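Q: I have a new structure open and would like a quick tour. Can we go through it piece by piece?

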Amino acid sequence: MSTRIKQIAIYGKGGIGKSTTTSNISAALSVAGYNVMQIGCDPKSDSTNTLRGGHYIPTVLDTMRDKHDIVLDDVVFKGFNGIYCVEAGGPAPGVGCAGRGIITAVELLKQLHVFEELKLDIVIYDVLGDVVCGGFAMPIREGIAEHVFTVSSADFMALYAANNLFKGIQKYSNAGGALLGGVIANSVNTTYARNIIDDFVAHTKTQVVEYVPRSMTVTQSELQGKTTLEAAPDSAQAAIYKNLARKIAEHTQSTVPAPLDTQALRVWAATRAEQILRIEAEALQPNGAHI
Ligand code: ADP
Ligand code: MG
C-alpha cells in the first residue's frame, strides 16, 4: 500500500481496554488489506495474546538477556491474518525503569531494519499510560509515533490518566513530538457516560474518535484467545472496531490538546460527580419520582 509507514501509539490507564482495542484495530486493518505490526509496550506483555490464539510470545527484553546476535524471527511473530506481533517486555517488578522495554525494542527493531524489511503500512504501539515517565513517553517525545490515541472510559481515574498524557503531548509538541488524534471512548453504554466523555474532550480541546460499548462478545472472544474480529467477525461489536480502524487509517490531522491543570480537573470532576449522583438517584426512584 502506501510507501510511508504510519505509526500510531495507543495510550491509557492499566486495565482500561488498550490491548483489546488495539488488537481489534490491528485485526480490522489487516483484514482491510494493510500490512500491520503491533508492538506491546506494557510490562504485562499480553498485548498481542488475542492475535496469537491466547499464547504469549517471548519479549524483546527477555530474548536480549538470553541471546546474542538476535535476528528478526527471534522477536517478531506472526499472528492472525499475518499481523506481525512484538512484545517489548519489562524488567522484574521493582527493578529498573518499566519503560526500558520500549526503548530497547524500538532500538533493536531499527537496527534490524524490521520496518523496511517487512514492508509495513501501519505500526501500532500499545502503551501503558498511567505513568508518563521517560520510557513510556518515548514514542511521543521522539516523535516515533505520529499520532497518539488514548483509550478511556468515563471513570475519573481513566480520564485523569488521559489528562496526564495530554500534558506529556503538550510538553513535547514544539520539539517534534507526537500529537493527539483523539479519545477512544471504551465501555461507554449509557448516555451519562457518553456525556461525561463528551464534556471532557470539549474541555481539553480534543475529540472522541469512536464510542465502543462494553460487550459480552468481547469477553467471549477473549476466552477463546481471539479478537472479536476473528471470533465474531459479523457481530455489531466487530463493525464498531472496523469503523474505528478505518477512521484511524484515514486520520491525518492530529492536534495539541489542552490538558486541565490538576485543580481544574478536580473541580470539573466534582461537578460531574454531582450530575452522576442525580441521574443515578432519579433512576432508582420508583415511578420516576424526583428526590
Ligand atoms: P489494558 O490493555 O488497558 O490493560 P485490556 O485490553 O487487557 O486492558 O482489558 C482489560 C479487560 O477488560 C479484559 O479482560 C478485556 O476483555 C476487557 N474489556 C476491554 N474492553 C472491553 C469491552 N469493550 N467490552 C468487554 N470487555 C472489555
Ligand atoms: Mg494491555
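**Helix 12 and beyond**

A: Let's start with helix 12. Its buried residues are Leu-265, Trp-268, Ala-269, Arg-272 and Ala-281. Keep in mind that this is a predicted model.

Q: What covers the buried residues of helix 12?
A: The cover includes helix 7, residues 156-172. It also includes helix 8, residues 191-203.

Q: How many residues does helix 12 have, and how far does it reach?
A: Helix 12 runs over residues 262-284 and has 23 residues. From first C-alpha to last, it reaches 32 Å. That is close to the 33 Å expected at 1.5 Å a residue.

Q: Back to Arg-272. Why does Arg-272 count as buried?
A: Its relative accessible area is 16%, and buried means under 20%, so Arg-272 counts as buried.

Q: Which residues does Arg-272 touch, not counting those up to four places away in sequence?
A: Arg-272 touches Ile-196 and Asp-199.

Q: And Thr-262, where is that found?
A: Thr-262 is found in helix 12 too. Thr-262 is partly exposed, with a relative accessible area of 28%.

Q: How far apart are Thr-262 and Tyr-241 in space?
A: They are 32 Å apart, C-alpha to C-alpha. In sequence, Thr-262 and Tyr-241 are 21 residues apart.

Q: New topic: pockets. What volume does the largest pocket have?
A: The largest pocket has a volume of about 300 Å³.

Q: How many residues line the largest pocket, and which lie nearest its centre?
A: The lining has 17 residues. Nearest the centre are Thr-20, Asn-186, Ser-187, Arg-214 and Val-218.

Q: Which helices supply at least two residues each to that lining?
A: Helix 1 (18-31), helix 9 (216-223) and helix 11 (236-250) each do. The largest share, four residues, comes from helix 9.

Q: What is the lining of the largest pocket like by class?
A: It has five nonpolar, ten polar and two charged residues.

Q: How much space lies in the second largest pocket?
A: About 260 Å³ lies there. The second largest pocket is lined by 16 residues. Ser-19, Thr-20, Lys-44, Asp-46 and Glu-222 lie nearest its centre.

Q: What gives the most to the lining of the second largest pocket?
A: Helix 1 does, with four residues.

Q: And by class, what does the lining of the second largest pocket have?
A: By class, that lining has one nonpolar, ten polar and five charged residues.

Q: Let's move to Ser-47. Where is the place of Ser-47?
A: Ser-47 is in the loop between strand 2 (36-41) and helix 2.

Q: Is Ser-47 buried or exposed?
A: Ser-47 is buried, with a relative accessible area of 2%.

Q: What is Ser-47 in contact with, leaving aside neighbours within four places in sequence?
A: Ser-47 is in contact with Ser-19, Ser-23, Gln-38, Gly-40, Glu-87 and Asp-126.

Q: How far apart are Ser-47 and Glu-87?
A: In sequence, Ser-47 and Glu-87 are 40 residues apart. In space they are 7.2 Å apart, C-alpha to C-alpha.

Q: Is Cys-85 buried or exposed?
A: Cys-85 is buried, with a relative accessible area of 0%. Cys-41 counts as buried as well, at 2% relative accessibility.

Q: Last topic: backbone angles. What is phi of Asp-69 near?
A: Phi of Asp-69 is near 50°, a positive value in a residue other than glycine. Asp-69 lies in the loop between helix 2 (60-66) and helix 3 (72-75).

Q: Is Asp-69 buried or exposed?
A: Asp-69 is exposed, with a relative accessible area of 71%.

Q: And what about phi of Lys-205?
A: Phi of Lys-205 is near 55°, also a positive value in a residue other than glycine. Lys-205 lies in the loop between helix 8 and strand 8 (208-212). Lys-205 is exposed, with a relative accessible area of 61%.

Terms used
Residues numbered from 1 in each chain as written. Chains lettered and ligands numbered in written order. Predicted model: local features only at pLDDT ≥ 70, side-chain atom pairs only at ≥ 80, totals over all residues. Heavy atoms only, no water. Expected span 1.5 Å × (residues − 1). Buried < 20%, exposed > 50% of the residue type's maximum accessible area, 1.4 Å probe, protein only. Contact = heavy atoms within 4.5 Å. 1 Å grid on protein atoms, 1.4 Å probe; cavity = no way out; pocket = protein on both sides within 12 Å on 5 of 7 lines; lining within 4 Å. Points joined across faces, edges and corners; volume = space filled by probe spheres on them. Nonpolar A, V, L, I, M, F, W, Y, C, P; charged D, E, K, R; others polar.
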